[in-house]
Amino acid sequence: MTSPTYDVVAIGNAIVDILAQAEDSFIEEIGVAKGSMQLMFSPEEADALYDKMGPGREVSGGSASNTVAGLAALGSKAAFIGQVADDQLGAVFAHDLRAAGVHFDTDVRAGQPTTARCLIFVTPDGQRTMNTFLGASQFLPASALDETLIANGAILYLEGYLWDPEEPRAAMRKAIDIARANGRKVAFTLSDVFCISRHGDDFRKLIADGLIDILFANESELLALCGKDDFEAAVQHVHGQVPVLVVTRSEQGAMALVGNDRVEVPAEPIAKLVDTTGAGDMFAAGFLHGQAQGRSVQDSLRLGAICAAEIIQHYGARAEKDLKALAEEKLG
């Protein structure tokens, strides 16, 4: 087995986020569960909701792409596979990701639909409610995969959000086969309770079949995956099926189970909660960077917590502070 060229190669939705502040009453008006993610199935639906938004700002996003942007900011070598359309938002996404230091060369998709966009409403308590039109990203075919790139990544990182459409689901299954055939690890993030409600059986089978080496979940996602109300029971249910289980618990910190070892860290203190968009994505970046650097599980969890704390103190899912300097300041 050759040495990997990249620390992490990720596959995910290529999305441009459009963020705006909103009151709780607006969230109720549009009929979306606060703090959740819902899909919009047509550009017309997306346009109608966009017209209702207050002043917003565009920031390149997408769960896995946020993670690799964070990894690159920390100093890891990262690459991304995802599909945009040949339009302005697609050009914005590609520019932002490459400018962040991430390798990205997936061919653009001609014609309709447009590049994916996520309309994010941030309420005064910092909670984000996401409304996503998957656009071109949902048509990522297996033929678009760079097999050499995947084979050269130490870890293949996949997001549950992309499991929804049929074509990228098939692409991710193929990517798992490529990674495992080359002796690489596979990391998977459950992404959202919404994803589990639609594809929980698939996720549980991936785990049961031993195809996932590192599983990321928040507390709600873990409970939904296991169909349990008790956190400890859910942890024990999944623990024996994956080599590394990482669970984030918001203000209660995070934990990881690796073999027989259980490690927990507290949440990092923050001055003010502004926007939770991208917190889980950036936590994954910190943890994976720590593992790529050969750090302990505890240090990797702390790196995750440090990165998540940075991201929730401002709008948007891309870091505004120097993550590498922040990590050195906190961990040395």
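Accessible areas here come from the Shrake-Rupley method with a 1.4 Å probe, and for residues only the protein chains shown count as cover. On that basis the protein has an accessible surface of about 13,600 Å², and 47% of this belongs to carbon and sulfur atoms. This is a predicted model, in which local features need pLDDT of at least 70 and side-chain atom pairs count only at pLDDT 80 or more, while totals for chains, interfaces and linings use all residues. Residues are numbered from 1 along each chain as its sequence is written, and side-chain values use heavy atoms, with hydrogens and water left out.

The secondary structure consists of 12 helices and 14 strands; helices (H or I, at least four residues) and strands (E, at least two) are DSSP runs numbered from the N terminus. The radius of gyration, taken over C-alpha atoms, is compared with a globule rule of 2.2 Å times the number of residues to the power 0.38. For 332 residues the rule gives 20 Å and the protein has 18 Å, which is close, so the protein is as compact as a globular protein of that length. Along the principal axes, the C-alpha atoms fill a box of roughly 50 × 45 × 40 Å.

Of the 332 residues, 56% count as buried. Buried means under 20% relative accessible area, exposed means over 50%, and partly exposed is in between (1.4 Å probe, protein chains only). A contact means heavy atoms within 4.5 Å. Among contacts between residues at least 6 apart in sequence, 75% join residues at least 24 apart.

The aromatic side chains come next. Rings of Phe, Tyr and Trp (its six-membered ring) pair if their centres lie within 6.5 Å; planes under 30 degrees apart count as stacked, over 60 as edge-to-face and the rest as tilted. By this rule there are 9 aromatic pairs. One of them is the tilted pair of Phe-80 and Phe-104, with 5.8 Å centre to centre and 50° between the planes. Phe-80 lies in strand 5 (residues 78-81) and Phe-104 in strand 6 (residues 103-104), so this pair ties together parts that are 24 residues apart in sequence. Both Phe-80 and Phe-104 are buried. The pair of Phe-216 and Phe-287 is edge-to-face, at 5.8 Å centre to centre with 85° between the planes. Here the partners come from strand 11 (residues 214-218), which holds Phe-216, and helix 10 (residues 279-292), which holds Phe-287, so the pair ties together parts that are 71 residues apart in sequence. Phe-216 counts as buried because its relative accessibility is 5%, and Phe-287 counts as buried at 0%. Ring pairs also link Phe-80, Phe-93 and Phe-104 into a cluster.

Some rings have a charged side chain over the face. A charge sits over a ring if NZ of Lys or CZ of Arg is within 6 Å of the ring centre and within 35 degrees of the ring normal. Lys-77 lies over the face of Tyr-6, at 5.2 Å from the ring centre, and Arg-249 lies over the face of Phe-231, at 3.7 Å from the ring centre.

Ser-63 is in helix 3 (residues 63-74) and counts as buried because its relative accessibility is 8%. Not counting residues up to four places away in sequence, Ser-63 touches Glu-159, Tyr-161 and Asp-281. Asp-213 lies in the loop between helix 7 (193-208) and strand 11, and counts as buried at 13% relative accessibility. Its neighbours in contact, leaving aside those within four places in sequence, are Arg-180, Arg-184, Lys-185, Val-186, Pro-243 and Val-244. With Arg-180, the side chain of Asp-213 makes a side-chain polar contact of 3.0 Å. A polar contact is a pair of N or O atoms within 3.5 Å; within protein, one must be able to donate a hydrogen and the other to accept it, and residues adjacent in sequence count only if both atoms are side-chain atoms.

The backbone remains. Most residues other than glycine have a negative phi, and most peptide bonds are trans. The peptide bond from Gln-112 to Pro-113 is cis, with omega near 0°, and Pro-113 is in the loop between strand 6 and strand 7 (116-122). Ser-191, although not a glycine, has a positive phi of about 75°. Ser-191 is found in the loop between strand 10 (185-189) and helix 7 and counts as buried at 11% relative accessibility. Ser-250 likewise is not a glycine and has a positive phi, of about 55°. Its place is the loop between strand 12 (244-248) and strand 13 (254-258), where Ser-250 is exposed, with a relative accessible area of 60%.
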